[in-house]
Amino acid sequence: MSNSLGAPVRLCWVIVALLTGHAAFAANSEAGFKASYAAADAAEKQAGLLRNQWLVTEAALTEARKAAEKNDFDQAVAAAKEAEALAKASIYQATSEKAAWKNLEIR
Amino acid sequence: MRVHRWLPHFVGRAGRRLSVRLLSISLAALLLAVAHTAVAADGVDPAKDARAFQDYFFKKFPGVKPDDFANGPYALNEDMRRQWEEKEQFPPYEFSLEAGKELFAKPFANGKHYADCFADQGIGIRQDYPQFDTKSGKVITLELALNRCREANGEKAISYTGDDMAALTAYMAFTSRGKPLNIKIPDDPRALEAYEDGKRYFYTRRGQLNFSCATCHVQNPGERLRAEVLAPALGILNAMPIYRSEWGGMGTTSRRFITCNSQVRGVPLEPQSDEYRDLEYFLSYVSNGLPISGPGSRP
Amino acid sequence: MASSIRVRAIANGDTTDVQTLIQHPMDSGFIKNDKGEFIPAHFIQELTFEHNGRTVFVADWGTAVSKDPYVKFAFKGATKGDDLKVSWIDNKGQTDTATFKIQ
């Protein structure tokens, strides 16, 4: 989507975003991607500690990296956010299953 | 111990002491007689679990002979059974079995053999695995024992998911065909913990598809999952390793655990990781008494 | 090296039941290896069974037959003790042949 006000305005927003740390403003930039990827990666690592990662999370992280390599940061951030959501779901699964497994137990 | 109050009044003090001793001895004997397997203070009772586990499947499939559960889906589907019985006259795993026999007999560089690492020269002992090793405090599976044997004799470990490990375990299983699974849980809290961890793993939902092992193999044995018929969890490891038509070859227990994880879209753990060993320990223990039917063949 | 062909042939009165297991990769040419390269097609093209010089079974195979193929068939006209000759040739020109006694 072209912005008629051009690069200077975008640059201002990036600076604001970096200063305020608000990822939403920097959604289309490499910095934004790095932030959302870091969040996703951290969540996936936590899922790893719980020994409960999902293949789709890994796939989304790979997709995010590949998109970033091609400088498609919109796609990269979208994939990173998806990865974070999936990782968090797997964490939720591992945590709730700590008690819930008993529901399936043959007794 | 205040038992003397209800002893006959004519029994003297010596007699009371003897009675107390006799009572203690008989109580101890009774406890030993009952506790074949250890029971943890917090109520982990593997023997009770195993009885409940087996009863569940016997009730669910009353037409199936108990030993037949070791044949997995063939016990539950007549058509598949007929095809399998025909193929058993000329099984697809023959090549792997022969390769396994050769590999097992081949000496290491230092002149020793696999046979030197196992009881009874490694013949007819598969039904005793997995075992709990009290020295290391961990479960030792047959696959792990084979690689430990290699490393103890200066050889490099081989892949847990490759053809050679499959062939070796196929041969060892074959020498134990018909022997009942005989898994022991020693009176050691770590062994009970390993058993319980394996049990928990079995019933825990995982992967994006949110299935536990139990979802397919306890709740839906005999049902179809795409073109496959699901095996019951009872006896499911008795046929390992298996020649899978899908794989076009023989595959180990490690390989099967890993692919089951991926199939529910969970990232698999490393072969022979603690979770998988504990799982094998639990699943084998609750199938105690069922015969070894390996190496098996499956679709 | 051992033959790739295993045969069990049993005479039941007039009919002989034959089972065969052949060790062969039967690569279709469509599968890739770990490096992402196609594994070249390598499959049995013709499998022949002969009894007393007479061909009793011929299979024309292609890429649809899986690894280590198993064949079962029955034919008439043989008796216990007769020879059954099995041979195959694959797309690379490799061959194997073996002769078995009908039991």
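This briefing walks through the chains of the structure above, one topic at a time.

The model is predicted, so to speak of a local feature its pLDDT must be at least 70, side-chain atom pairs count only at pLDDT 80 or more, and totals for chains, interfaces and linings use all residues. Residues are numbered from 1 along each chain as its sequence is written, while chains are lettered from A and ligands numbered from 1 in the order in which they are written. Helices (H or I, at least four residues) and strands (E, at least two) are DSSP runs, numbered from the N terminus.

**Chain A: the overall picture**
- Chain A has 4 helices and 0 strands, giving the pattern α-α-α-α along the sequence.
- Of its 107 residues, 29% count as buried; a residue is buried if 20 or more other C-beta atoms lie within 10 Å of its own, exposed if 12 or fewer, and partly exposed in between, with C-beta atoms placed from the backbone.
- Take the contacts in chain A between residues at least 6 apart in sequence: 59% of them join residues at least 24 apart. Two residues are in contact if their C-beta atoms, placed from the backbone, lie within 7 Å.

**Chain A: helix α2**
- Helix α2 (residues 30-49) of chain A has 20 residues and reaches 28 Å from its first C-alpha to its last, close to the expected 28 Å. The expected span is 1.5 Å times one less than the number of residues.
- Buried residues of α2(A) include Phe33(A), Tyr37(A) and Glu44(A), and the buried residues of this helix pack against α3 and α4 of chain A.
- Just after α2(A) comes Arg51(A), with a positive phi of about 60°.

**Chain A: α3 meets α4**
- The axes of α3 (residues 55-69) and α4 (residues 73-100) of chain A come within 8 Å and cross at roughly 160°. Axes are lines fitted to C-alpha atoms, for helices over the stretch in contact, and angles run from 0 to 180 degrees between N-to-C directions.
- That angle makes α3(A) roughly antiparallel to α4(A), since angles under 35 degrees count as roughly parallel, over 145 as roughly antiparallel, 65 to 115 as roughly perpendicular and the rest as oblique.
- Among the residues that meet are Val56(A) and Leu61(A) from α3(A), and Phe73(A) and Leu86(A) from α4(A).
- This contact divides into 13 nonpolar, 3 polar and 2 charged residues. Ala, Val, Leu, Ile, Met, Phe, Trp, Tyr, Cys and Pro count as nonpolar, Asp, Glu, Lys and Arg as charged, and the others, Gly among them, as polar.

**Where chain B touches chain A**
- Here 20 residues of chain B are in contact with 14 residues of chain A.
- On the chain B side, α2 (46-60) and α7 (189-203) each supply at least two residues, and α2(B) gives the most, with 3 residues.
- By class, that side has 8 nonpolar, 7 polar and 5 charged residues.

**Backbone details in chain B**
- The peptide bond from Met240(B) to Pro241(B) is cis, with omega near -5°; Pro241(B) sits in the loop between β4 (228-229) and β5 (242-244).
- Gly294(B) and Pro295(B) are also joined by a cis peptide bond, with omega about -10°.
- Gln272(B) is not a glycine, yet has a positive phi of about 60°. Gln272(B) is buried, with 22 other C-beta atoms within 10 Å.

**Chain C**
- Chain C has 0 helices and 7 strands, and its C-alpha atoms fill a box of roughly 55 × 20 × 20 Å along the principal axes.
- Of the 103 residues of chain C, 19% count as buried.
- Asp68(C) lies in the loop between β4 (54-60) and β5 (70-76) and has a positive phi of about 50°.
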